[in-house]
Amino acid sequence: ISYNIRLINPKDGPNEWKYRAEASPAMIKDYAPDIFGVQEAVKEQLDYLQKALPKYECIGVGREDGVSKGEHMSIFFNKKAIELLDWGTYWLSETPDVPSKGWDARCKRTATWARMKVKGSGKEFFYVNTHLDHRGKVAQQKGLELIVKRIAEMNPDGLPMILTGDFNVKPDSPVLVDLDTKMLSARNTAEKTDARATFNGWGQSAWVIDYIYYSGFSACPEYETIVRQYKGVPYISDHYPVCSFIEF
């Protein structure tokens with residue numbers, strides 16, 4: 001699952017986090033993913049999810065200081081199913097190894113990566129979770145180029161790879177052209193899929209800007225934009241989570 005959880009913002013009024021918090025763990029428990037990546041999550045939200053979802057472990061850092069300040073592009077994984085082998089975070093900028101803002105970006109942006117192993121089969125794979133800038137066109141292009149470059153560097157053996165995130169660009173964007181030659185979009189290739197928008201803007205918008213990409217796997221039987229309501233909350237976030245089943 002890739003899920004832009006929407007940070008805590010009092011300006012959201014009836015859609016503020018405190019009114020919709022319970023819907024997020026309810027959704028995760030319903031779908032029971034082995035792994036999910038969140039975008040925009042701040043420490044208070046991550047602490048809440050960790051307490052509500054004890055089966056999962058969380059990795060990630062705050063984008064402002066590389067520790068806990070600001071939004072996290074965190075990865076959660078089911079500890080019974082998945083073993084964490086290594087992980088890290090880098091910034092989408094000209095200086096990716098230190099907290100920094102890149103190119104024409106409005107905000108600092110990061111990618112969190114993990115090397116993991118399926119406990120049952122011993123099969124290894126990589127997972128990268130990110131959030132591209134919402135304004136900077138150069139930052140969107142260069143940020144994704146950096147992610148693709150880092151993926152190639154970290155994975156010389158060609159292990160299966162998953163990339164999730166809020167890319168802040170639509171499917172026909174030139175930003176995705178190079179990525180589309182190297183990885184497959186779950187939305188475009190799943191045997192069972194949908195064409196729903198992923199950004200809902202609390203019911204005011206309808207854009208596809210959230211993605212699950214993969215490579216090195218044998219099949220993607222299903223992709224779904226999760227529009228179900230949980231705990232009586234109209235919108236779980238201003239984004240719908242997206243989910244896919246991917247097979248080795």
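A nonpolar core is here a set of buried Ala, Val, Leu, Ile, Met, Phe, Trp, Tyr and Cys residues that are joined through side-chain atoms within 4.5 Å. The model described is a predicted one. Its largest nonpolar core has 25 residues, and another core, of 24 residues, lies apart from it.

**Nonpolar cores**

- Within the largest core, the residues with the most contacts are Val-128, Ile-147, Leu-163, Phe-167 and Leu-179.
- At least two residues of this core are supplied by each of strand S6 (110-118), strand S7 (124-131), helix H4 (137-154), strand S8 (161-166) and strand S10 (210-215).
- Helix H4 provides the largest share of the core, namely 6 residues.
- Leaving aside residues up to four places away in sequence, Ile-147 touches Tyr-90, Leu-92, Ala-111, Val-128, Thr-130, Leu-132 and Leu-163.
- The other core, of 24 residues, includes Tyr-3, Ala-21, Met-27 and Tyr-56.

**The sheet**

- Six strands form an open sheet with mixed pairing, in the order S5-S6-S7-S8-S10-S9.
- Strand S5 (82-91) and strand S9 (184-185) are at the edges of this sheet; each has a single partner strand, so one side of each is left without a neighbour in the sheet.
- Strands of a sheet pair through backbone hydrogen bonds, and the pairing may be parallel or antiparallel.
- S9 and S10 run antiparallel and are joined by 2 bridges.
- Leu-184 has Tyr-214, in S10, as its bridge partner.

**Aromatic contacts**

- The count of aromatic pairs, for ring centres within 6.5 Å, comes to 9.
- In one of these pairs, the ring centres of Phe-36 and Tyr-56 are 5.4 Å apart and the ring planes stand at 70°. Planes over 60 degrees apart count as edge-to-face, so the pair of Phe-36 and Tyr-56 is edge-to-face.
- Phe-36 belongs to strand S2 (residues 35-39) and Tyr-56 to strand S3 (residues 56-59), so their pair ties together parts that are 20 residues apart in sequence.
- Phe-36 is buried, with a relative accessible area of 0%; Tyr-56 is also buried, with a relative accessible area of 7%.
- One aromatic cluster is formed by Phe-36, Tyr-56 and Phe-76.
- Tyr-90, which Ile-147 touches, has Arg-150 lying over the face of its ring, at 4.8 Å from the ring centre.

Key. Residues numbered from 1 in each chain as written. Predicted model: local features only at pLDDT ≥ 70, side-chain atom pairs only at ≥ 80, totals over all residues. Heavy atoms only, no water. Phe/Tyr/Trp six-rings, centres within 6.5 Å; stacked < 30°, edge-to-face > 60°. Helix = DSSP H or I, 4+ residues; strand = E, 2+ residues; numbered from the N terminus. Buried < 20%, exposed > 50% of the residue type's maximum accessible area, 1.4 Å probe, protein only. Lys NZ or Arg CZ within 6 Å of the ring centre and 35° of its normal. Contact = heavy atoms within 4.5 Å. Pairing = 2+ DSSP bridges.
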